[in-house]
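I opened the model and kept short notes on what I looked up. The entries follow in the order in which I made them.

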Amino acid sequence: MSVPAITMMILFLGFCGGLFFILINKAFNNKA
Amino acid sequence: MSTKKEQWGSRWGFIAASIGMAIGTGNIWRFPRVAASNGGGPFLIAWTVALLVWSIPLLIGEMVIGRKTRLGAIGAFRDFLGKKYTWMGTWIVMVCMLIMFYYSVVMGWCFKYFTMSVAGVFKPGMDTVATEAIWNTFTTTPSQTILFHFLSMAIGGFIVYKGITGGIEKASKIMIPTLFGLMLVALFRVMTLPGALLGLEYLFNPRIEMLANPKIWLEAFTQSAWSTGAGWGFIITYAVYTKKKEDVAGNCMIMGIGNNVGALVAGMTVLPAIFALSPSVEFANDALASGNTGITFIYLAQLFTRMPAGRWISAVFFLAMGVAALSSLLPMIEVGVRSFMDAGFSRKKATKVVASMGFLLGVPSAYSLNFLNNQDFVLGVALLVSGLFVSFAITKYGAEKLRKEEINTPWADFKIGKWWSFCISIFPLLFIAISGWWVWQSITWYPDSWWNPLELYSTGTIAVQFIVYIAFGLLTNNWLADKTEKGELTKKAI
């Protein structure tokens with residue numbers, strides 16, 4: 001795999017996976 | 001009429017059901033193919049922009065409408081916009097139910113292929129001629145396609161019949177972890193194949209210069225619009241059962257991002273599998289060009305036979321597709337059921353009616369692949385219109401007012417800015433670009449007979465079917481408006 005493709009993969013997985021994790025985490029901690 | 005509504009037992013239940021709504025077969029059989037055909041990396045960028053500009057704003061808009069009216073789409077549009085706009089809600093419900101009729105058939109295919117994989121029908125050494133013959137034999141044997149369509153509709157109907165907490169929520173809490181588990185099993189197995197990284201290279205290669213190509217943007221927006229469930233009426237319906245204190249924006253972002261995570265996992269499984277197992281690059285390209293059913297039921301079914309324990313990975317893959325299909329079939333049924341319940345039916349009676357309709361009116365799609373493909377094409381464009389109606393409703397009511405009063409509530413984790421109102425305001429322009437592109441394509445596919453409604457993917461077939469839907473909506477406008485119970489918005493006004 002080329003370096004640009006690896007960079008893109010890390011960015012995308014980081015963005016989508018990270019955001020998903022943060023949102024789910026916040027939802028579980030929301031007492032509303 | 002009973003006005004007492006069911007309610008989600010927990011926020012996790014609502015989120016699980018909503019993620020299930022968003023993740024369907026489109027994530028598994030369409031996303032990897034379309035992403036690969038549109039340059040990989042640049043498509044992913046455009047698709048992420050589409051999520052933020054089109055899908056999430058629309059999901060938020062739908063959730064607001066459902067929560068404010070506490071009615072299915074028909075009653076919601078009547079209360080939100082006024083009686084003369086009831087037909088727009090009818091359009092949304094009708095389009096959703098028409099999709100349900102053939103979606104159940106597709107779910108049946110997945111479960112049939114799961115049973116065939118377990119039974120070892122796809123033997124090592126088989127070529128695509130053999131798997132194509134199996135596919136053709138199956139789809140031209142109505143007793144089989146109708147049987148599996150019936151089973152799908154019966155399973156979906158049974159779950160909806162059990163209610164929101166006891167049916168949809170309970171099933172979703174099992175299905176969503178199961179779905180992600182199955183997808184991850186397939187992903188890890190495929191990634192251990194020699195040559196799998198070539199598929200990842202194909203998916204993630206940036207090729208930023210390709211972003212100048214408008215086709216990539218149009219394909220990306222279409223994929224996001226169809227895949228996330230935005231504009232389908234699902235979230236209007238599911239929002240009816242939410243608690244008063246609910247984080248609207250946060251929930252909708254979870255649905256949208258969850259959909260994209262599911263699609264990425266599917267893309268990282270399907271493309272590496274194709275590139276690792278294909279005997280040549282030409283074969284891999286043929287697979288990608290073979291359409292949704294071709295890539296899944298002919299090429300992947302064959303490619304799985306080339307790997308150790310392929311039989312079981314094939315079973316896992318088709319089971320995951322079946323579970324994804326079921327989790328999306330449930331809200332389709334519920335959209336219809338909610339509308340009948342708003343008209344005074346009990347849940348049990350409404351489910352029996354909708355599931356029976358789903359089975360009977362799905363038979364033509366189970367019988368004829370051409371009929372199913374025609375419906376899939378026309379209703380894909382119709383869904384864009386549904387989204388337009390949602391954006392119209394929000395704009396007419398006042399996007400900024402709704403943002404301040406209904407979305408940025410004191411109990412919301414996520415407060416959203418004016419970007420949301422802006423996205424809703426530019427929605428008609430995006431709609432014209434995307435639906436116009438699809439209509440233009442349908443003209444180029446049939447330069448001499450694009451007007452002919454009997455052609456499978458023609459402009460004529462879109463026009464005629466749209467006229468029928470609008471006529472039905474307008475003719476039943478007042479009758480349905482009167483028949484549907486009053487929602488919270490009307491009660492407050494009184």
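Which residues touch the most other members of the largest nonpolar core? I take a nonpolar core as a set of buried Ala, Val, Leu, Ile, Met, Phe, Trp, Tyr and Cys residues joined through C-beta atoms within 7 Å. I count a residue as buried if 20 or more other C-beta atoms lie within 10 Å of its own, as exposed if 12 or fewer do, and as partly exposed in between, with C-beta atoms placed from the backbone. The core has 183 residues, and Ile60(B), Val95(B), Cys110(B), Ile274(B) and Ala320(B) touch the most other members. H5(B) gives the largest share of this core, 22 residues.

Ground rules. This is a predicted model, in which local features need pLDDT of at least 70 and side-chain atom pairs count only at pLDDT 80 or more, while totals for chains, interfaces and linings use all residues. Residues are numbered from 1 along each chain as its sequence is written, and chains are lettered from A and ligands numbered from 1 in the order in which they are written.

Ala320(B). I left aside its neighbours within four places in sequence and found Ala320(B) in contact (C-beta atoms, placed from the backbone, within 7 Å) with Leu179(B), Leu182(B), Met183(B) and Ala186(B).

H15(B). Helices (H or I, at least four residues) and strands (E, at least two) are DSSP runs, numbered from the N terminus. H15(B) has 33 residues and reaches 48 Å from first C-alpha to last, close to the expected 48 Å; the expected span is 1.5 Å times one less than the number of residues. I noted that 32 of the 33 residues of H15(B) are buried, so this helix is largely enclosed by the rest of the structure.

H7(B). This helix, residues 142-161, reaches 27 Å, close to the expected 28 Å. Its buried residues include Phe148(B), Met153(B) and Ile159(B). I found the buried residues of H7(B) packed against helices H5, H6, H8, H15 and H16 of chain B.

Gly398(B). I located Gly398(B) in the loop between helix H17 and helix H18 of chain B. Gly398(B) counts as exposed because it has 12 C-beta neighbours inside 10 Å.

Chain A. I found one helix and zero strands in chain A. Of its 32 residues, 22% count as buried. The contact takes 18 residues from chain A and 22 residues from chain B. The chain A side divides into 14 nonpolar, three polar and one charged; Ala, Val, Leu, Ile, Met, Phe, Trp, Tyr, Cys and Pro count as nonpolar, Asp, Glu, Lys and Arg as charged, and the others, Gly among them, as polar.

Notes
Contact = placed C-beta atoms within 7 Å.
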